[in-house]
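Subject: Structure handover

Hello,

Here is the structure for your files. My notes on what turned up in it follow below.

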Amino acid sequence: MTATPLQLLLAALAAAAGGAVNAIAGGGTLITFPTLLALGIPPIVANATSSVALWPGTVTSMWGYRRELQGARSWAVRFAIPSLAGGALGAMLLLRTSSERFSMLVPFLVLGATGLFILQGPLVGYLRARRARAAMAIDADAPAATALSAAPDSRVLAPPAVSLLIYQFVVSIYGGYFGAGMGILMLAALGFMGLVNIHQMNGLKNWGGTCINLVAVGIFAASDVVSWPIALVMAIGAGIGGYVASGLAQRVEQSTVRRLIIGIGLASGIWLLVERS
């Protein structure tokens with residue numbers, strides 16, 4: 001589709017904001033996707049274009065956590081299989097969904113993703129508190145050297161359970177279809193499986209997201225559902241926003257950014273519901 005200069009400018013600004021909040025707190029899709037809809041981009045094209053534009057940021061985020069995957073090779077390899085398969089299936093389901101049906105689903109997808117984002121903060125806080133309690137219990141019962149080697153947040157992990165891989169496949173279908181909020185679903189599963197090292201969990205989550213988006217973006221790129229002028233300016237904007245925000249991340253209150261994203265997500269979902277009715 002042909003994009004006007006104003007659409008390109010606003011899409012780039014939205015992507016810069018999305019890249020910035022991804023670097024600080026996550027949830028950039030809840031800014032870019034509703035913005036593209038507001039600019040008159042058809043929902044399926046907006047979803048695919050946003051996925052393509054923000055994927056480079058997913059890769060760089062995963063690369064930043066690469067050291068946290070040391071000792072988790074068995075998880076990373078096994079995680080990749082359901083992530084790639086589910087992401088491909090989700091992307092193909094999106095392409096086989098009519099524009100009318102996807103338009104009906106969009107408000108609920110945005111509101112659902114916002115709900116997942118709201119749960120992210122309490123979940124991460126719970127996981128960090130559980131890690132601290134586990135470390136304190138081990139320190140109380142063992143000498144320091146023994147506690148260090150036996151700590152539950154050790155980098156060396158046993159292979160993941162089959163149930164987790166099945167769950168990851170289902171999450172990946174959602175990720176390939178829409179994607180916003182899939183990270184919190186992966187973090188929740190990793191926490192329930194007993195992992196307590198939040199950095200290692202983020203590394204696995206980012207690796208899974210990279211695999212999901214890789215195959216989905218490939219399928220979208222091979223299909224006629226991506227607005228390439230918009231995708232390219234958004235990729236540039238997201239890169240700039242992420243780079244600038246990475247230097248500010250330690251000085252910005254994440255709670256403030258999270259409240260802003262939640263407000264945007266709720267307002268967008270309600271606006272889409274009202275517009276649909």
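**Aromatic pairs**

Searching the whole structure, which is a predicted model, gives four aromatic pairs. One of them joins F33 and F178 in an edge-to-face arrangement, with 5.2 Å between the centres and 80° between the planes. This pair connects distant parts of the chain: F33 belongs to helix α2, F178 to the loop between α7 (162-177) and α8, and 145 residues separate the two. F33 and F178 are both buried.

Another edge-to-face pair is made by F102 and Y177, at 5.7 Å centre to centre and 65° between the planes. Distant parts of the chain are linked here as well, with F102 in helix α5 (residues 99-141) and Y177 in helix α7, 75 residues apart. F102 and Y177 are buried. Ring pairs also tie F33, Y174 and F178 together as a cluster.

**Helix α8**

Helix α8 covers residues 182-192 and is largely enclosed by the rest of the structure, because nine of its 11 residues are buried. The buried residues in α8 are M182, G183, I184, M186, L187, A188, A189, L190 and G191. Just after α8 comes G194, which has a positive phi of about 105°.

**Two single residues**

T32 sits in helix α2, which spans residues 29-38. Its relative accessibility is 1%, so T32 counts as buried; the cut-off for that is under 20%. Leaving aside residues up to four places away in sequence, T32 touches A14, A15, G18, S50, L54 and M234.

G263 is part of helix α11 (residues 254-276). With a relative accessibility of 35%, G263 counts as partly exposed, because that value falls between the cut-offs of 20% and 50%. G263 and L30 are 233 residues apart in sequence, while their C-alpha atoms are 9.9 Å apart in space.

**Confidence**

The average pLDDT of the protein is 81, and 84% of the residues score at least 70. Residues 144-154 have a pLDDT below 50; in the model, this stretch has 12 contacts beyond near neighbours in sequence.

Regards

Definitions and conventions
Residues are numbered from 1 along each chain as its sequence is written. This is a predicted model: local features need pLDDT of at least 70, side-chain atom pairs count only at pLDDT 80 or more; totals for chains, interfaces and linings use all residues. Side-chain values use heavy atoms; hydrogens and water are left out. Helices (H or I, at least four residues) and strands (E, at least two) are DSSP runs, numbered from the N terminus. Buried means under 20% relative accessible area, exposed over 50%, partly exposed in between (1.4 Å probe, protein chains only). Contact means heavy atoms within 4.5 Å. pLDDT is the predictor's confidence in each residue, from 0 to 100. Rings of Phe, Tyr and Trp (its six-membered ring) pair if their centres lie within 6.5 Å; planes under 30 degrees apart count as stacked, over 60 as edge-to-face and the rest as tilted.
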